[in-house]
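This report is meant for a reader who meets the structure for the first time.

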Amino acid sequence: HCEDPLGEILAMSDALDAVVVALPNLPNEFIPGVIERFARAKRSLIFVDVLKRTRAVELMFELDALVKEARSVVMTGCGATPGLLAAAAVLAAQSFIEVEKVDIWWGVGIANWEAYKATIREDIGHLPGYTVERAKAMSDQEVDALLERTNGLLELRHMEHADDVLLQRVGVVDALDQVEVGGVKDTRHPKKPVSTTMTLTGVTFEGKRSRHQFILGDETTMAANVIGPALGYLKRGLWLKAHGIFGVFGCTEFLPMVVR
C-alpha cells in the first residue's frame with residue numbers, strides 16, 4: 001500500500017522513457033492532472049493516453065506550454081475512438097474538398113459485465129437520462145437490473161467523444177456537430193453486436209458526393225483496437241522526441257508507427 005503512488009513513480013521516472021495511461025471511468029481532470037504533475041516536475045517523458053471524452057482531451061491540450069517546457073511529448077486520444085478511427089478519417093478526407101460528416105459506429109462484445117465494470121459504468125453515463133455521476137453511484141444490483149431490461153445490450157448515441165475536437169483541430173471538419181459517435185455494447189456475449197465502422201461523407205472537386213468507409217474486422221477485440229494504436233502512437237512519440245519536437249498532440253496530427 002502506498003499513500004502517493006504517483007509520487008513513487010515520479011521518484012523513479014529517470015528510469016522511464018515513456019508511459020501509457022489507460023485508466024477508464026475517472027473524472028475528466030484526473031489524467032490531465034497526472035500529466036501536469038510530471039510536467040511541473042520537469043520530467044522529460046513520452047505520454048500516451050486513450051482518453052475518450054471531449055472535455056478531457058481539451059484539458060490535455062491546455063497543458064501544451066507546460067509540456068513543451070518539460071521537453072516532453074503527449075499523444076492524446078490514441079485508442080480506437082478517438083485514435084485509430086479518427087486517424088482513418090484524416091486519411092479518408094484527402095479525397096474530398098469538403099467533408100460533410102464523419103460517423104463512427106462501434107460494436108463491442110464482452111462475455112460478462114463483471115470483467116469490465118468501470119467501462120460499463122462509463123457507458124451507462126452516456127445513456128439518455130443518466131450522467132457519469134449517476135452511473136458511478138449505481139449499485140451492482142442496479143446495473144444488473146438495467147442490463148436485464150435491455151437484454152444485456154447498451155445502445156449509445158450522441159456520445160461526448162473527442163473525435164470531434166481532434167478532427168476539427170486538423171481541419172477535417174469545421175464544426176463539432178459534423179462528427180457523430182455511437183455504438184452498441186453487448187455485455188453478455190463476446191461476439192460484436194455490430195461491426196465497428198467509420199464513415200466519412202464528402203464532396204469531391206468535381207462536385208460529386210461520396211463516402212469512404214473503414215470497417216474493423218469483427219474478430220478484433222476492444223483491447224486489440226485500443227492497445228495496438230496506443231503502442232503505435234507511443235513509438236511516434238519517441239520519434240517526435242528524437243526529432244526535438246515537444247508538446248501535446250492528438251491522434252489526428254500524426255500517424256502511429258508500427259510496433260514489431
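## Salt bridges and a surface patch

The structure holds 14 salt bridges, and it should be kept in mind throughout that the model is a predicted one.

| Salt bridge | N to O distance |
|---|---|
| Arginine 55 and glutamate 58 | 3.4 Å |
| Aspartate 64 and lysine 68 | 2.4 Å |
| Aspartate 140 and arginine 121 | 2.6 Å |

**Pairs within a helix.** Arginine 55 and glutamate 58, whose side chains meet in a salt bridge, both belong to helix H3, which covers residues 54-61, and they stand 3 residues apart, about one turn of the helix. Arginine 55 is partly exposed, its relative accessible area being 34%, and glutamate 58 also counts as partly exposed, with a relative accessibility of 29%.

A salt bridge also links the side chains of aspartate 64 and lysine 68. Because these two residues are 4 residues apart in helix H4, which covers residues 64-69, about one helical turn separates aspartate 64 from lysine 68. Lysine 68 has a relative accessible area of 42%, so this residue is classed as partly exposed.

**A pair between helices.** What does the salt bridge between aspartate 140 and arginine 121 tie together? In this contact the closest N and O atoms are 2.6 Å apart. Aspartate 140 lies in helix H8 (residues 140-149), whereas arginine 121 lies in helix H6 (residues 117-124), and the pair therefore ties together parts that are 19 residues apart in sequence. Aspartate 140 is partly exposed at a relative accessible area of 25%, while arginine 121, with a relative accessibility of 10%, counts as buried, because the term applies to residues under 20% relative accessible area. Elsewhere, salt bridges that share partners join Arg55, Glu58 and Glu62 into one network.

**The nonpolar patch.** Apart from the charged pairs, there is a nonpolar surface patch of about 280 Å², to which Val20, Ile227, Leu231 and Val259 contribute. One of these residues, valine 259, is found in the segment after strand S9, a strand that covers residues 247-250. Is valine 259 buried or partly exposed? With a relative accessible area of 41%, valine 259 is partly exposed, since this class lies between the limits of 20% and 50%.

Technical notes: Residues are numbered from 1 along each chain as its sequence is written. This is a predicted model: local features need pLDDT of at least 70, side-chain atom pairs count only at pLDDT 80 or more; totals for chains, interfaces and linings use all residues. Side-chain values use heavy atoms; hydrogens and water are left out. Patches are made of residues with over 30% relative accessible area and no salt bridge: like charges are joined within 9 Å, nonpolar side chains (Val, Leu, Ile, Met, Phe, Trp, Tyr) within 5 Å. Accessible areas come from the Shrake-Rupley method with a 1.4 Å probe; for residues, only the protein chains shown count as cover. A salt bridge is a side-chain nitrogen of Lys or Arg within 4 Å of a carboxyl oxygen of Asp or Glu. Buried means under 20% relative accessible area, exposed over 50%, partly exposed in between (1.4 Å probe, protein chains only).
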